[in-house]
Each structure stands twice: as C-alpha cells, then as structure tokens.
Amino acid sequence: MTLNDELDHLLATRDRNNMAPTIKAVVCLHAAHPENARVLYEVAGAYDTAGQEQVAQGFYERALEAGLEGDLLRRCYVQYGSTLRNVGEFGKSRDVFAAARKEFPDSPALAVFEAITFHAEGRANEAFASLLELTVDYVESSDIDRYKSAISGNAAYIRSLDRNEAPASGT
C-alpha cells in the first residue's frame, strides 16, 4: 500500500466525533515522513477536525512550505484560512484567502470561506455582497439568470455601504 493509499484509507474510515485514533495514526505517519507535504496537511486536518486549531495552524503552515500542489493546496488554503479565522487572526485569514483566490479563481469554496471571514471580522456587507456575487457566478438557474444584472448591482451597492458610496442598486 502506498503512502497516499494509506492516507486515503485512514481518512475514509475516520470518526469525526472521535479523532484520537486518526490523530494517533497520522502522527505515526508524520514520524516516518516528517517532510511530506500531504502528511503534514493531513495531520493539520486531523487536529483541526478535533478542534485543536492552534496545533493545526503550525502543521498547515509547514504543509504549505513543503510544497502542496493542485487540489490539496486549494483544500489546505480553505482549511488554513478557516483555522486562522477561528483563532481570531482575521487579517491573516483574509490574506490567505486573497492569495488562494488568485491561484484558484474558480473555487467557490474559497469564496464562501472568505465571506465567512469577512463576516467574522464584522464586515457583514462585504460578506453578503461576496455571496451575492458567488450566486451570480455559480448558481445555474433560469430564475437567477433573469436577475443576474440586478443581483450584481445589489452586490455593488451593498459593498459600497461600507465605503459610504451608494451607486444605483439595479432593483
């Protein structure tokens, strides 16, 4: 069994309500593969799922430094940015999501979690406007399609409320 197969099996059989066995298993894999980017990421995720964000944070940072790529990198950004938000580091969280969205502009998950960060730091208008834009960009529905322009206009209007600029709302 390859390391990736072992990790896949471990994650498929984990119990999110009792992460201790999963943490024990990924920590053992980490001891054998201390620089492996995916192992570092999975250790972070296990601690994160267990509610140990402070521990997870360091492993996410090491996983990013170790060179995650592709979908694992995108997922790490989502989880790391959320962890930063959960420990109250809103500015860092926002920076992670901004960088991640440049690298993965078509990821609705990154946009959603970035909006959650905006909300957590008290930027409700920015959060709501972001979610409206996400609706325009990703919800396929004739009902939404008919109003995309109005929804976009409202998103711009709502976002402007934080800047004390009020363009026409559209609808």
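**Helices, cores and a pocket**

Gln54 has its place in helix H4. The model is a predicted one.

Q: Is Gln54 buried or exposed?
A: A residue counts as exposed when its relative accessible area is over 50%. The relative accessible area of Gln54 is 59%, so Gln54 is exposed.

Q: How far apart in space are the C-alpha atoms of Gln54 and Leu3?
A: Along the sequence, Gln54 and Leu3 are 51 residues apart. In space, C-alpha to C-alpha, the separation of Gln54 and Leu3 is 26 Å.

Q: How many helices and how many strands does the chain have?
A: Read along the sequence, the pattern is α-α-α-α-α-α-α-α-α-α. The secondary structure therefore comes to zero strands and ten helices.

Q: What are the spans of the C-alpha trace along its principal axes?
A: The chain has 171 residues, of which 39% count as buried. Among contacts between residues at least 6 apart in sequence, 46% join residues at least 24 apart. The C-alpha trace spans about 60 × 35 × 30 Å.

Q: Why do the buried residues of H1 line one face of the helix?
A: Leu3, Leu7, Leu10 and Leu11 are buried in H1. In an α-helix, residues three or four places apart point the same way, because there are 3.6 residues a turn. Seen down the axis of H1, the buried residues line one face because they fall within an arc of 95°.

Q: Which helices do the buried residues of H1 pack against?
A: The buried residues of H1 include Leu7 and Leu10. Their packing partners are H2 and H3.

Q: Which element supplies the largest share of the largest nonpolar core?
A: Of the 31 residues in this core, Tyr60, Leu68, Tyr77 and Leu110 touch the most other members. At least two residues each come from H1, H2, H3, H4, H5 and H6. The largest share, eight residues, comes from H3.

Q: Which residues is Leu110 in contact with, leaving aside its neighbours within four places in sequence?
A: Leu110 belongs to the largest nonpolar core, where it is among the residues that touch the most other members. With those sequence neighbours left aside, its contacts are Arg74, Tyr77, Val78, Phe97, Ala100, Arg101 and Phe104.

Q: How many residues make up the second, separate core?
A: Val136, Ile144, Ala155 and Ile158 are included in this second core. Its count is seven residues.

Q: Which element gives the largest share of the lining of the largest pocket?
A: About 170 Å³ of space lies in this pocket. H3 and H5 are the elements that give two or more residues to its lining. The largest share, five residues, comes from H3.

Q: How many residues of the lining of the largest pocket are charged?
A: Arg14, Arg16, Glu42, Asp48 and Arg75 are among the lining residues. The lining also has three nonpolar and three polar residues. The charged residues number five.

Q: Is Arg75 buried, partly exposed or exposed?
A: Arg75 lies in helix H5, which runs over residues 70–86. Buried means under 20% relative accessible area and exposed means over 50%. The value for Arg75 is 29%, so Arg75 is partly exposed.

Q: Which residues is Arg75 in contact with, leaving aside its neighbours within four places in sequence?
A: Arg75 is one of the residues that line the largest pocket. Glu89, 14 residues from Arg75 along the chain, has its C-alpha atom 19 Å from that of Arg75. The contacts of Arg75 are Tyr41 and Glu42.

Note on methods. Residues are numbered from 1 along each chain as its sequence is written. This is a predicted model: local features need pLDDT of at least 70, side-chain atom pairs count only at pLDDT 80 or more; totals for chains, interfaces and linings use all residues. Side-chain values use heavy atoms; hydrogens and water are left out. Helices (H or I, at least four residues) and strands (E, at least two) are DSSP runs, numbered from the N terminus. Buried means under 20% relative accessible area, exposed over 50%, partly exposed in between (1.4 Å probe, protein chains only). Contact means heavy atoms within 4.5 Å. A nonpolar core is a set of buried Ala, Val, Leu, Ile, Met, Phe, Trp, Tyr and Cys residues joined through side-chain atoms within 4.5 Å. The arc is that of the directions from the helix axis to the C-beta atoms. On a 1 Å grid over the protein atoms alone, a cavity is a set of points where a 1.4 Å probe fits but cannot get out, and a pocket is an open set with protein on both sides within 12 Å along at least five of seven lines; lining residues have an atom within 4 Å of a point. Grid points are joined across faces, edges and corners, and a volume is the space filled by probe spheres set on the points. Ala, Val, Leu, Ile, Met, Phe, Trp, Tyr, Cys and Pro count as nonpolar, Asp, Glu, Lys and Arg as charged, and the others, Gly among them, as polar.
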